[in-house]
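Please consider the structure shown below.

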Amino acid sequence: MPVKKLEANITQSMVKEEVHVLKEILDDTTHKMVGDQVFEMIQGLVDLSMKEDYKQLESVVAQLSNDEMVVVSRYFSILPLLINISEDVDFAYEINYQNNTDQDYLGKLALTIDRVSQSDQAKEILEHVNVVPVLTAHPTQVQRKTILELTNQIHHLLRKYHDVKAGVVNRDKWYTDLRRYVEIIMQTDIIREKKLTVRNEITNVTAYYNNSLIRAITKLSRQYRHLAAQKGIELDQAKPITMGMWIGGDRDGNPYVTAETLLLSATTQSEVILNYYIDKVHKLYRNFSLSTTLVDISPAMEALAAKSNDKSIYRENEPYRRAFHYIKAKLEQNLVEVKNGLKRDDQAPTPSYQNAEAFKADLLVIKESLLANGEDALLTGDFNELVEAIDIFGFYLATIDMRQDSSVNEACVAELLKSAKIVDDYSALSEKDKVKVLLKELLEDPRPLSSAHSEKSELLEKELKIFKTARFLKDQLGDQVIKQHIISHTESVSDMFELAIMLKEVGLVDPEQARVQIVPLFETIEDLENAQGIMEEFLSYDLVQNWIKANHDYQEVMLGYSDSNKDGGYLSSVWTLYKVQQELTQLGEAHGIKITFIHGRGGTVGRGGGPSYEAVTSQPFGSIKDRIRLTEQGEIIENKYGNQDVAYYNLEMLVSAAISRIVPGSVDKKAEVEDFYQDMDDIVHYSNGIYRHLVFDTPEFYDYFFEATPIKEVSSLNIGSRPAARKTITEISGLRAIPWVFSWSQTRIMFPGWYGVGSAFKHFIDQDEGNLEKLQAMYQSWPFFHSLLSNVDMVLSKSNMNIAEQYAQLAESEAVRSVFTTIRDEWQLTKDILLAIENHDEFLATNPSLRASLDYRLPYFNVLNYIQIELIKRLRHNELDEDYEKLIHTTINGIATGLRNSG
């Protein structure tokens, strides 16, 4: 019997019970705020939505005054938020229950390690597997930090509900506390009044480490080692999870990312982990009251304790406390220096640690003393957690990625070459001549091209300053603090050598090694199709082979999901990404190296999202060479890592999925699947044609998108520091993927996650009588194909063509509105074909927990769509003054909250 997903065990009756309590409080609060008449109107809107009487719903919403809209829009925005909290609480409860009662579920670490332990390569696999969630600055978290803090308070109270029912916790006090926070939320601004700065983004994201990530990661790492040891596999340096960070280093299209934000990102992260260490050491100081009148200590331990300046007479016989006092003093000096811009103070009474290894060495002196004297029980808990944390986080917490567009690197290199009188117009050279010039500089001239005295453009000055800061951070915090620099829009080998020139300017690249790895990002369909040829040429150079050898034979490549989807549609994107992974994996094997991938995934299916376990296990077998990195962003960070239990589970899913895709023997029905590749090529080619015909060849489509979606309102929403478009807001090719996907989500069309799928499969089915059965067989036997269709199923379940049709009416001309007819027909065809391939009668047939969730949340946030449509109409007819414009942003927030993965 197959093991079920943990989510399938969530008790929906408990969620409904909690939601009933929350809705009761919200109703009472709202009633008091607005009085009988408006409150009855709110209840009437709920009833109409429940009955799906959308015509009457539209009519009633149109009659609301702007003042009434204020409370009504807040009510329907906050209710989905409260439902989310309840679901998260019961999810966390189920995670604990399943683990504490030793239940099995899909992706459970114990099952995964049991399976891998049967492999001859078990130790090698478990020792080297490394999954890296990379927290990014991509802005889809609409809610303010204040609202997130309030939701955390409600979350903690709801976790006590089981005890309230059992009579262990006083119900009246619990209910009063819960009511207080709901009332505060109802009277707090949901939306940010001001645009986020990069500094805000850094602070917001690093808060997750204290809330959940540090404890979840150290717990998972200890459990990982423990489970391996139970199978007779002793692991030495295993790091199944480490963390990555883009915020402060990702300057692609974001002019607000500078050398100062890079330094701020690194020092903020360092502060977070140092404060964690200081708190842990202080706890150990309080707990380790062992007296030398009762225990023996090692000579090394005695020497360590003697370094402490804790001269209290009460500590004379407590060497462990004196040792922890000394360690804490050193860490506090590290913290002072970090806050002072990493400036070392050699005159400090207690000098700081030079690095995390020196800190760990002191702890190991304590550990060895305890072990030598039979006190190993004292090492459990905080002590082991602390040592585990040092191995994972060092003094840097998470590795910061740098990223810049290839065109910026080219402009900077062209200026450097011109000022050095080497090439007057580098950009005019052919690709072959560019590479020749760059290689000569990289191999033959160790000197930098830039001179302190030469005049530089603002762009070059800014970029050089960022690279110098990167060098400084690596020297101060260790090489792990910055390991990769990603090149957006990589289209040639010269793009990669241009970055090498910039790194060489600050001594981070020489002919023998690259202290920062050069990572190409292939984004559009065309770039992905050219990736193999570009990488084959890149790997052919001895210089590159030297760099890779110095990096333990690993070369990373980044794959872009968002732009490839916008460029070619969902099917074309996922299939091209699948094939390029296979091609690059084989290329790496041919060169005797491991090509690893960072997946630039967003939250939505249109941006590579979907359930993490399925997303990883559906990658081509053999494409995960020990390491896999995945971007996590916005509301997905909150959903996956908002509390320790859910964070642990989601990290567990990532590690288990990665191992499952590495273990020999877990390969699909390879011959059967490979026979289907040509059919898949044909299906995808047809889908790409359908998609591009509408998006790029239908003149009315541009106007439809900008008139019949809230793109203009989304772009003015203060959800991130970067601009919404690379070029201009009225050009789809220049629009960033996030506002593109976000806007389609708001209209409930969910266009990027399915358009072109139905026509392509219908065309294939019509070609041969047995083709439907072939698709059904692929759905059952091929994880990639199953995941692809399951994601489309999930997206369609959240769409609503009745609501989408109302958005279409916002378009000014009939010709533009007619685009919706094309979209609706493709939606219906996709639905029919999808259910036929899956052999299901309805969406989400294999995901009852999500279906139940949507059943009780959709009626509430469906109303928000009608409110949003009416507000947009008023805005466009100048019937909504500036004070009421932010109501549209409130509805955008509410719909995003209801959908959960919206951007």
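Leaving aside its neighbours within four places in sequence, with which residues is Thr-585 in contact? They are Phe-597, Gly-622, Ser-623 and Lys-625, where contact means heavy atoms within 4.5 Å. This is a predicted model, in which local features need pLDDT of at least 70 and side-chain atom pairs count only at pLDDT 80 or more, while totals for chains, interfaces and linings use all residues. Residues are numbered from 1 along each chain as its sequence is written, and side-chain values use heavy atoms, with hydrogens and water left out.

Thr-585 belongs to helix H22 (residues 570–590); helices are DSSP runs of H or I with at least four residues, numbered from the N terminus. Thr-585 counts as buried because its relative accessibility is 7%, buried being under 20% relative accessible area with a 1.4 Å probe and protein chains only. Its side chain reaches the backbone oxygen of Gln-581 at 2.6 Å.

Of the 19 residues of H25, 18 are buried. Asn-643 caps the N-terminal end of H25, with a side-chain oxygen 3.2 Å from the backbone nitrogen of Asp-645.

The largest nonpolar core has 299 residues, and Tyr-277 and Phe-497 have the most contacts inside it. Such a core is a set of buried Ala, Val, Leu, Ile, Met, Phe, Trp, Tyr and Cys residues joined through side-chain atoms within 4.5 Å.

Note on methods:
Helices (H or I, at least four residues) and strands (E, at least two) are DSSP runs, numbered from the N terminus. Buried means under 20% relative accessible area, exposed over 50%, partly exposed in between (1.4 Å probe, protein chains only). A polar contact is a pair of N or O atoms within 3.5 Å; within protein, one must be able to donate a hydrogen and the other to accept it, and residues adjacent in sequence count only if both atoms are side-chain atoms.
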